[in-house]
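Thanks for coming, everyone. Please have the structure open on your screen and follow along as I go.

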Amino acid sequence: METLRVAVVGVGFWGRNHARVYSAMRDVELVGVVDTNIQTAADVAKSYGCDCYSSVAELLKHKQVDAASVCTPSSTHAEMSIELIKGGVNLLVEKPLTETLEQGVSLVKEAERARVTGSVGFIERFNPAVTRIKQWITEGKIGTPILFYSKRGSSWPERIGDVGVVKDLSIHDLDLVRFIFEKEVESVYAVVDRSRKGAYEDFANILLRLKASTAFVESNWLTPYKERRLVITGSKATVSANYITQEVSITSAEGIFTPVVKPVEPLKLELENFVKCIRLGDFPSPSLMDGLKALALAEAALLSSANGAPVKPAY
């Protein structure tokens with residue numbers, strides 16, 4: 001099998017993990033990492049036996065690249081991604097897809113014109129706990145899914161400086177609402193605010209209405225410990241998951257069933273899926289359009305909070 005040449009653009013906290021996973025994959029060669037901090041890029045490159053560069057232009061000048069992960073700050077996603085797309089590079093962009101919806105639309109159009117494979121880093125789609133819940137729903141074990149509730153909490157992440165809690169944390173579950181219910185959100189009502197001085201919100205309560213179902217997404221940077229959980233109520237049973245431990249359970253009139261789920265690193269599954277889609281020419285899930293729609297939901301939540309009224313997503 002021909003080796004796929006990959007690169008990682010932005011090797012801070014999360015980009016390093018992309019580099020680590022790619023470097024261990026079969027039939028994949030990590031040919032380079034890019035970071036504006038060249039010392040950071042050099043350190044990561046040394047760890048994984050590849051070359052380092054200070055810009056995408058420099059990378060493309062010296063290396064033939066088949067695919068790349070974009071793990072730079074959100075405000076640079078559009079610029080970095082479009083540069084890669086114009087170079088014919090398939091790409092996985094970490095969430096949010098772009099800083100603004102307008103940028104996201106431009107990115108998706110560029111990718112379609114270039115006919116490159118594009119995906120977004122919604123890692124929870126690959127969480128074994130979510131996979132099991134999705135399977136139960138598909139098999140009809142909970143009946144018709146009606147209510148979606150998620151909570152994400154942690155302390156303030158100093159590494160995040162260009163988006164608030166909605167586009168950093170809530171967006172994962174905004175994507176999962178569409179993924180699990182397999183239908184579009186009709187309206188969004190949210191209360192979003194900040195408890196400390198700063199440009200961005202640090203807590204959000206988001207209510208989403210879909211046809212015959214409802215979702216409530218709660219996120220904050222106020223909780224002194226990391227919390228990630230999901231509960232979905234159906235007409236026959238309720239399922240719950242801990243995103244961190246990957247534990248799941250299903251509760252019905254017959255009792256509670258808690259299966260043993262073998263823990264697997266979701267990022268590994270996500271990048272393996274991305275590589276597989278490139279090799280087979282498959283349409284990726286999540287796609288760039290999924291990223292754009294999740295971003296539209298995030299912006300609808302921010303607008304709803306500002307206006308104090310429900311907002312229809314700008315799909």
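Start with V33. Is V33 buried or exposed? V33 has 0% relative accessibility, so V33 counts as buried. Keep in mind that this is a predicted model. V33 sits in strand β2. Who surrounds V33? Leave out the neighbours within four places in sequence. Then V33 is in contact with V8, V11, A19, A41, V44, A45, C50, D51, C52 and Y53. L280 is 247 residues away from V33 in sequence. In space, the two C-alpha atoms are 25 Å apart.

What about the rest of β2? This strand is mostly covered. Six of the seven residues in β2 are buried. A neighbouring strand is β1. The two pair in the parallel sense, over six bridges. Take one example: R5 has E29 in β2 as its bridge partner.

Now zoom out to the sheet. It is an open sheet of six strands. Read the order with me: β3-β2-β1-β4-β5-β6. The pairing is parallel. Which strands are at the edges? They are β3, residues 51-53, and β6, residues 118-121. Each of these pairs on one side only. On average, neighbouring strands of this sheet are turned by 20° against each other, with direction ignored. A reminder for strands in general: in a regular strand, the side chains alternate between the two faces of the sheet.

Next, helix α1, residues 13-23. α1 packs on the sheet. It touches β1, β2, β4 and β5. The direction of α1 makes about 165° with that of β1.

Stay with β5, residues 90-94. Four bridges join β5 to β6, and the two strands run parallel.

P96 is in the loop between β5 and α5. Where is the other one I want to show you? Look at S285 and P286, which are also joined by a cis peptide bond, with omega about 5°. P286 lies in the loop between α8 and α9.

α5 covers residues 101-114, and α9 covers residues 288-307. Their axes come within 10 Å. They cross at roughly 170°. An angle over 145 degrees counts as roughly antiparallel. Therefore α5 and α9 are roughly antiparallel to each other. Which residues meet there? From α5 we have L101, G104, V105, L107, V108 and A111. From α9 we have L288, M289, L292, L295, A296 and E299. By class, that contact has ten nonpolar residues, one polar and one charged. An α-helix has 3.6 residues a turn, so residues three or four places apart point the same way.

On to helix α6, residues 128-138. Its buried residues are P128, A129, V130, I133, K134, W136 and I137. Which residue caps the N-terminal end of α6? N127 does. A side-chain oxygen of N127 lies 3.0 Å from the backbone nitrogen of A129. After α6 comes G140, with a positive phi near 80°.

G140 is a glycine. R115 has a phi near 55°, a positive value in a residue other than glycine. R115 lies in the loop between α5 and β6. Its relative accessible area is 78%, so R115 is exposed. Then there is Q246. Its phi is positive too, about 65°, and Q246 is not a glycine. Q246 is in the loop between β12 and β13. Is Q246 buried or exposed? With a relative accessible area of 6%, Q246 is buried.

Last stop: S150. S150 is found in strand β7, residues 145-153. S150 has 0% relative accessibility, so S150 counts as buried. Again, set aside residues up to four places away in sequence. S150 then touches D173, F216, V217, E218, R229, L230 and Y243.

Terms used: Residues numbered from 1 in each chain as written. Predicted model: local features only at pLDDT ≥ 70, side-chain atom pairs only at ≥ 80, totals over all residues. Heavy atoms only, no water. Axes fitted to C-alpha atoms, helices over the stretch in contact; angles between N-to-C directions. Parallel < 35°, antiparallel > 145°, perpendicular 65-115°, else oblique. Contact = heavy atoms within 4.5 Å. Nonpolar A, V, L, I, M, F, W, Y, C, P; charged D, E, K, R; others polar. Buried < 20%, exposed > 50% of the residue type's maximum accessible area, 1.4 Å probe, protein only. Polar contact = N/O pair within 3.5 Å; in protein donor to acceptor, adjacent residues only side chain to side chain. Pairing = 2+ DSSP bridges.
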